[in-house]
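Let us look closely at one part of a structure.

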Amino acid sequence: MRRAVFLIIPVFILFILSASIVFAQVQTRIRVVEASNVGSNIDSSLRDVTGQLGSLFSFSSYRLLRDETVTLSPNRPLSIPVHPGRSLELTLIRQRRHTAEVRVQIKREGTDILDTQVRLFPGRTVSIGGPKHGQGTLLIALSASF
Amino acid sequence: MTDPERVLVEGHLLECPTCRDALRSMESLRNLIKSPVEAAVEKEELPWVWQKIEREIRSEEKLSWWKGIWDWFDVTPLLRKRVLIPAVAVTVLLILLTAPLLFKKTSSYPGQSVVEYVESQTYNVMIYETENAKMTVIWLFEGPDQERSTS
């Protein structure tokens with residue numbers, strides 16, 4: 001009995017450790033926003049983002065186009081359409097205790113227009129913006145929770 | 001003292017008052033010593049003596065820690081090998097797996113850049129990063145006529 005316990009406990013710990021490495025996942029929230037100076041509507045779910053961006057940009061309107069939370073697994077790219085002809089591809093490169101390193105690619109008709117790798121921290125938003133969208137500008141806000 | 005000797009001594013004592021007196025004084029001296037010794041023996045705390053003996057026995061019985069671990073397995077040498085080899089293998093594996101986790105430098109974002117790299121062959125890129133606002137912005141400039149002004 002004692003011998004069995006002696007073997008089972010390390011195997012169990014090993015399983016937990018392996019599982020945490022193999023099954024590492026990061027919940028990532030993606031918000032696609034059209035920022036413009038047409039009107040002054042600000043979606044209520046964008047208060048945190050607009051509060052941060054307000055000091056940097058002079059847009060008067062922030063319209064939420066898409067709000068999606070996806071689960072990223074290591075080295076499994078996940079593609080999300082963000083605009084006709086454009087897509088966002090996210091790949092979890094590695095996850096550490098307080099950070100998730102994510103590769104972000106924005107593609108237009110299959111070609112990379114942006115390729116970047118960012119560290120996502122809980123409570124911190126990374127925004128990617130610039131491409132024109134309608135009368136405004138496209139903004140993609142990424143945040144992670146894990 | 002043999003019986004003939006004892007008869008001789010007792011016969012002499014009957015006739016000799018000096019030796020009788022000497023014997024009497026020797027007997028009183030013996031009684032004087034005997035009583036306290038017997039009393040001391042009677043008063044001796046035997047349970048304490050036993051405790052002392054028991055403690056000595058136990059300290060001799062105490063095994064070394066290594067022997068204790070070894071006895072814990074309490075198996076035949078063949079079975080001991082069958083248990084020890086996987087146990088050692090699992091322990092080594094655990095150490096190898098946990099050591100990098102324990103000794104790696106923990107990243108904390110104030111000392112690090114959020115953006116590791118940015119590549120764009122078609123756009124100019126600006127990165128704006130602030131720690132206080134917990135915000136990082138990667139801005140793509142589509143062209144001189146389409147650039148957005150920043151405040």
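Q: How many bridges join β4(A) to strand β5 (residues 100-108) of chain A, and do the two run parallel or antiparallel? Please start there, then show me what surrounds this part.

A: This is a predicted model, so local features need pLDDT of at least 70 and side-chain atom pairs count only at pLDDT 80 or more, while totals for chains, interfaces and linings use all residues. Residues are numbered from 1 along each chain as its sequence is written, and chains are lettered from A and ligands numbered from 1 in the order in which they are written.

9 bridges join β4(A) to β5(A), and the two run antiparallel. Strands here are DSSP runs of E, at least two residues long, and helices are runs of H or I, at least four; both are numbered from the N terminus. Two strands pair if DSSP finds at least two bridges between them. T91(A) stands opposite R103(A) in β5(A). A hairpin links β4(A) to β5(A) through 4 residues.

Now take the other partner. Strand β3 (residues 78-83) of chain A is joined to β4 (residues 86-95) by 5 bridges, again antiparallel. S79(A) has E89(A) as its bridge partner in β4(A). The hairpin of β3(A) and β4(A) has 2 residues between the strands, and in it G85(A) takes a positive phi near 85°.

Finally, V33(A). Leaving aside neighbours within four places in sequence, its contacts (C-beta atoms, placed from the backbone, within 7 Å) include L46(A), Y62(A), L65(A) and L139(A). In the largest nonpolar core, of 37 residues, V33(A), V102(A), L120(A) and I140(A) touch the most other members. Strand β8 (residues 136-145) of chain A gives this core its largest share, 6 residues. A nonpolar core is a set of buried Ala, Val, Leu, Ile, Met, Phe, Trp, Tyr and Cys residues joined through C-beta atoms within 7 Å. Buried means that 20 or more other C-beta atoms lie within 10 Å of a residue's own; exposed means 12 or fewer, and partly exposed lies in between, with C-beta atoms placed from the backbone.

Key. Contact = placed C-beta atoms within 7 Å.
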